[in-house]
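Here are a few notes to read alongside the structure. Have a look at it first, then go through the points in order.

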Amino acid sequence: MSTGQTLVFDGVTKHFGPVAAVEGLDFTVEPGRVTGFLGPNGAGKTTTLRMLLGLVAATSGTATIGGKAYRDLENPMRVVGASLEAAFHPGRSGRAHLAVTAAAAGIPRDRVTAVLEQTGMAPYADRRVGGYSMGMRQRLGLATALLGDPGVLVLDEPINGLDPEGIRWIRSFLQALAAEGRTVLVSSHLLSEVQQTVDDVVVIAGGKLRYVGTLAALEGTSTANGSVVDTPDRAVLIAALEAAGHDVRVEAEGLVVELAPVEVGRIALAAGVALSALAASGAGLEDEFLALVADPERAAEGGRQR
Amino acid sequence: MTLLRAVSAEFLKILTTRLWWVLALILFGYVGFSAAAIAFFLSITPEQPGMVIPDDFLAPLVYSMATATGYVFPIIFGAMSITSEVRHRTIGTVFLATPTRSVVLAAKAVAGLVLGAVYGVVGLAASVGLGAPVLAATGQETLLADGDTWLMLGRIVLAMALWGLVGVALGVLIPSQIGSIVTIIAFTQFVEPILRTAAAFADWLGEVAKFLPGSAGDALVGASFFSVFAGTSGGVAPLEWWQGGLVLAGYAVLLGAIGAATTWRRDVT
């Protein structure tokens, strides 16, 4: 395995004619961590990743891997493994596709078998890709990325199209890769999709940076301070909460109160009401993410670490 | 080093999909049928005034059906080596493995030349393999003991190799699969035959038409169905065989250079 490298995006900008697809992105991606690259569809994620890989020429700025542009790397696929859109020739088998790419990149043939095993694709390796499911294509894309045993992995929407078992598998797989010291950059348009996997988060929207920092810091900015509570004796609990001066709304999931769960529990205990449910509510992480993405003024500088 | 890798990857690509042998099979059938049919009908047709075919011309005419009807195949194959990567969106992965794009293009040029030569051999297997027995059966000379015949067969292989190169150049110039194939069919089946037929009526047109790719290819081979019946017969001497080869290679270099400077450098989005 080659060592994990730091990815540095320095003022990366891309204009397609008059359209500014990506505008002045500055951030770094560190080895040994899984970094989620998040933003809604059309935010510029794919364009940014393609600039890092030399497929799209930046209008200005640089994106480097361990200080070098992709095209200047000695054996690029041994340094960076990328899976961008899981596109393959439909008439070629999965194994043949890997063999072709390995030949072009100067990677020994035995790696083909190794990555097929690693991604669970060995049983389907000799079938034509045209008959693959979306999940199998994603795994073959990941296998392609792993061919050179690279220290850096760049994966564009790798979870798209995976079944629940596949999602669970890729989450632990990515974390294991990062634990080995590799740099893992994973894009997604859904925070919830990668929430359980990523350590760091880079959020972009409209081609501009909205947040850079740890996932934990992003969670810290969320404003959860209410509760959802339910009981077989709703009338008693509502009366007790209102007597303590709190407004209660009856909603589908239960009674919603602007009060921390611990206080709600205390009031219920005093009123002698048995609870059937009690949980924190309020603006969750996903709401925080959506707010970041929606509101250009709300770049959460607090979590910014560069 | 990276070029060698890229070339070996190109051949692996060719051998792991069906296109090359499907095209070779159709080529064999098409050329074999036309060669046998020409050999048969010209052998039994009594000579008519105004259409004099010397005895030692029939065999080369039959054998050169390999290029006369088969030259579209290496062009299509060469073009598709690029357009299919664009169509299936695999070109991104290709550039990730080989970031220097000119190396990828050079590797495809090598593969186009080699597969073109292979198609030349397949075409000859059809035109000689099926044409010669028909000639022999109808009492015509097969000329297979003649050294000149074998030289021509060699030039046919060379011509097909160059057509493969022209195909790669066309593919890089027009990366759209449909655009490329429509252009190839329209040019080889309509535009050029019409121009070459018109050229027979005016010498100045003939001087221009002999530099058309198809005329250059025929000049390289030295015999062709087209040049006998419609071609540059209006008093304009065709190019020498080596000039024909250079003109054909020139087309490949010119089209390829324009493509390399334009579409090949574009963003892969």
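1. Start with Glu251(A), which sits opposite Gly254(A) in strand 12 of chain A. Strand 12 covers residues 254–257 and runs antiparallel to strand 11 of chain A, with four bridges joining the two. Strands here are DSSP runs of E, at least two residues long, and helices are runs of H or I, at least four, numbered from the N terminus. Two strands pair if DSSP finds at least two bridges between them.

2. One housekeeping point: this is a predicted model, where local features need pLDDT of at least 70 and side-chain atom pairs pLDDT 80 or more, while totals for chains, interfaces and linings use all residues. Residues are numbered from 1 along each chain as its sequence is written, and chains are lettered from A and ligands numbered from 1 in the order in which they are written.

3. Now the whole sheet: it is open, with four strands in the order 11-12-10-13 (chain A) and antiparallel pairing. Strand 11 (248–251) and strand 13 (277–281) of chain A are the edges, each pairing on one side only.

4. What packs on this sheet, touching strand 11 and strand 12 of chain A? That's helix 9 (residues 234–243) of chain A. Contact means C-beta atoms, placed from the backbone, within 7 Å.

5. Finally, chain B: 28 residues of chain A are in contact with 25 residues of chain B. Helix 3 of chain A gives the most to chain A's side, with seven residues.

Conventions:
Contact = placed C-beta atoms within 7 Å. Axes fitted to C-alpha atoms, helices over the stretch in contact; angles between N-to-C directions.
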